[in-house]
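Dear colleague,

I am handing over the structure we spoke about, and below it you will find my notes on what turned up. Please read them with the coordinates open beside you.

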Amino acid sequence: MTTAAATARERTAKAKPATMAQALGRALRDSMVEDPSVHVLGEDVGTLGGVFRITDGLAKEFGDERCTDTPLAEAGILGAAVGMAMYGLRPVVEMQFDAFAYPAFEQLISHVAKMRNRTGGAMPLPITVRVPYGGGIGGVEHHSDSSEAYYMATPGLHVVTPATVEDAYGLLRASIASDDPVVFLEPKRLYWSKADWSPQAPAAVEPIGRAVVRRPGRSATLITYGPSLPVCMEAAQAAVEEGWDLEVVDLRSLVPFDDETVAASVRRTGRAVVVHESTGFGGPGGEIAARITERCFHHLEAPVLRVAGFDIPYPPPMQERHHLPGVDRVLDAVARLQWEADN
Amino acid sequence: MTVQELPGAAAYRPTPPPAWKPLTDPAPLLPDPEPYRVLGTDAVADADPELLLRLYSELVRGRRYNTQATALTKQGRLAVYPSSTGQEACEVAAALVLEERDWLFPSYRDTLAAVARGLDPVEALTLLRGDRHTGYDPREHRIAPLCTPLATQLPHAVGLAHAARLKGDDVVALAMVGDGGTSEGDFHEALNFAAVWRAPVVFLVQNNGFAISVPLAKQTAAPSLAHKAVGYGMPGRLVDGNDAAAMHQVLSEAVARARSGGGPTLVEAVTYRMDAHTNADDATRYRGDSEVEAWRAHDPVRILERELTGRGLLGDDGIEEARVAAEQMAAQLRERMNADPVLDPMDLFAHVYAEQTTQLREQAARLRVELDAEQDQPEQHSADDRGTGR
């Protein structure tokens, strides 16, 4: 192929928007090309390419020893990954669906999270656990849980969740390269979200642990991550009509938590709403609200509010729209912030 | 009941299912009905006298190690000790059959196996003393951390052996678990993965009769724990766990099989835990003296000693030599364990992540202030506060 033809092909590729699913797939592929110790394993990740097709083509390109269809057993998959990491490999495990990861919790909490600590730093485990999570795709029971609070409560794990196509690539690359275990939460309702991002063009690797301001504003800060980012961006757009100029912070990483970016934003705006679809009670929002209160109390014009999923088991798909926080619920919370400020 | 045929309609005739036959002939995978023995049988004629003598000295040392560690719990030097007294043949054989490049995956009761493999006895005891979770570098000794959750180390052994094979290394992993652990899901998943992947792993189940207080009959309805292997497609071997020569032979064969690409083996060692589950347990609540006494007659140290003396391979001098060596080891262990470990509380934050998070740095700074304040007021602490948290 001539250089001109290659350039032309790249231009065509650039013109076509890519999905988050494609970005994740390319992150896996690029990691496997660069580092022979990267191995992908899980149920259906090989021949089928994963039920969401994230691992599509990897088994064909790298062979089934690098991209392995395992027996159907999550504790076994993650437990085997521990042993593989002990021997110097860099396993990337797929858990297929959020609630399917629960059988692997003991491996995750007792071993994956603690091995570095148990061995006084002698044996770190560079394992990435990919967990498609959250609702909004019409999945039936056990296919829509938001389990991030369980992972956040476990020292030794990084907990990362991208909300954009670029971050899906950049954060997954960083997670696989990390010498610490990372629970990589993939917002499955954003798998088919698109961006002008070429799977062929160079892409940035994003360091873990930095939140980003997606939209600057002055009236209040919406703090969110993963599947709720598009909701917050839409709410911020709609709020303009009410005369509210909302700032939107995308956390990207729940552990480590970027206190600096969050506190700096809230100090600027004086008001904050935490938005996520996980349950509110005992959920991430409580921790985030407490951290904001501890750091920004004298800057706050109103209590930090939470807009979360209801404290119910994830509902059947025909009812999930009532559970998931939408634009109206976010705007309602913002309105309450204003009311608190007026009194 | 008859099938009523509608007039004019073709009768439904079920077609036979496509031919199916078992993927593997189960017969060669089945364990023998009786535990395999060497001592006191014709098979002992083939045993290497050098090996038997080596096993004997290790058993004597191992027994002394168990009694010394138990004594250290009474002196408050160990927080807890799950004794392997009565099971020394399993522990020693598991260590001796491995090459240096192989890996051992012990459970919490298998400190002795780690020591028999060459690990410093004090480093092996840090978990049970309570100063460090793991007092050694697992990669340096190729001994995984002593595992407290049941059977969760078994999938690790499978993954490590699988990874070694992928890298082209002829490394074998030997994983130890108790009879209670075979009821756990991780036991099942590990065996299944190992068999499907043909991973070079040996699973050693020490069936010592009880999972704390629950006897085997309430643990499983399987004919034997070794029979469980058949369902996974790997051979199961049943062996007398108090017969060091039989243990060594069966495990050696399983290791050789794994190393040559033959896949995993499940070995059930039938043995008995002479002591309670740990020093904190009262075994008289769930078993009688007569049962314990019956097993005492089949003590692993005693039956090997009888075999060796009976064949003229071991005399009073040899017995005394082994006893003195064991006593020296115990004296050294006692002396070293009587020294207080030096702990740096700041290490609490050192190994949570590769790089400390901002949150951990803040918490470490807070502890630093508290420690500095303690330094300024040493008289507030009692003289016997050894900093072990007990």
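In this predicted model, A:Val213 stands opposite A:Val249 of β11(A), and the two strands concerned, β9(A) and β11(A), the latter covering residues 246–250, pair in the antiparallel sense over three bridges. Helix α9 of chain A, residues 229–239, lies across β9, β10 (220–224), β11 and β13 (272–279) of chain A, and runs at about 170 degrees to β11(A). A further helix, α11 of chain A (residues 284–296), packs on the sheet as well, where it touches β10, β13 and β14 of chain A, with a direction that makes about 160 degrees with that of β13(A).

The sheet to which these strands belong is an open one of five strands in chain A, in the order β9-β11-β10-β13-β14, and its pairing is mixed. Its edge strands, each of which pairs on one side only, are β9 (212–215) and β14 (305–309) of chain A. On average, and with direction ignored, neighbouring strands of this sheet are turned by 25 degrees against each other.

Chain A also holds an open sheet of seven strands, again with mixed pairing, whose order is β3-β2-β4-β5-β7-β6-β12.

The axes of α4 (residues 74–86) and α5 (residues 105–112) of chain A come within 8 Å and cross at roughly 25 degrees, so α4(A) is roughly parallel to α5(A). From α4(A) the contact draws on A:Ala75, A:Leu78, A:Gly79 and A:Val82, and from α5(A) on A:Gln107, A:Leu108 and A:Val112. Sorted by class, the residues in the contact of α4(A) with α5(A) are five nonpolar, two polar and no charged.

Some backbone details deserve a check by eye. Most residues other than glycine have a negative phi, and most peptide bonds are trans. The peptide bond from A:Val255 to A:Pro256, however, is cis, with omega near 0 degrees, and A:Pro256 is found in the loop between β12 and α10 (259–269) of chain A. A:Asp44, which is not a glycine, has a positive phi of about 75 degrees; it lies in the loop between β2 and α3 (58–62) of chain A and is partly exposed, with a relative accessible area of 24%. In chain B, the phi of B:Arg198 is likewise positive, near 50 degrees, and this residue sits in the loop between α8 (185–197) and β3 (201–207) of chain B, where its relative accessibility of 46% counts as partly exposed.

Which residues does A:His323 touch, leaving aside those up to four places away in sequence? They are A:Glu277, A:Ala308, A:Gly309, A:Phe310, A:Ile312, A:Tyr314, A:Pro315 and A:Arg329. A:His323 itself is found in helix α12 (residues 320–323) of chain A and, at 3% relative accessibility, counts as buried because the cut-off is under 20%.

As for chain B as a whole, it has 15 helices and seven strands, and its C-alpha trace spans about 105 × 65 × 50 Å along the principal axes. Of its 390 residues, 50% count as buried, and among contacts between residues at least 6 apart in sequence, 75% join residues at least 24 apart. B:Gln363 lies in helix α15 (residues 358–376) of chain B and is partly exposed, with a relative accessible area of 35%.

Finally, a word on confidence. Chain A averages a pLDDT of 94, and 94% of its residues score at least 70, but over residues 1–6 of chain A the pLDDT is below 50, and this stretch has two contacts in the model beyond near neighbours in sequence. Where pLDDT is low, the predicted coordinates should not be read in detail.

Definitions and conventions
Residues numbered from 1 in each chain as written. Chains lettered and ligands numbered in written order. Predicted model: local features only at pLDDT ≥ 70, side-chain atom pairs only at ≥ 80, totals over all residues. Heavy atoms only, no water. Pairing = 2+ DSSP bridges. Helix = DSSP H or I, 4+ residues; strand = E, 2+ residues; numbered from the N terminus. Axes fitted to C-alpha atoms, helices over the stretch in contact; angles between N-to-C directions. Contact = heavy atoms within 4.5 Å. pLDDT = per-residue confidence, 0-100. Buried < 20%, exposed > 50% of the residue type's maximum accessible area, 1.4 Å probe, protein only. Parallel < 35°, antiparallel > 145°, perpendicular 65-115°, else oblique. Nonpolar A, V, L, I, M, F, W, Y, C, P; charged D, E, K, R; others polar.
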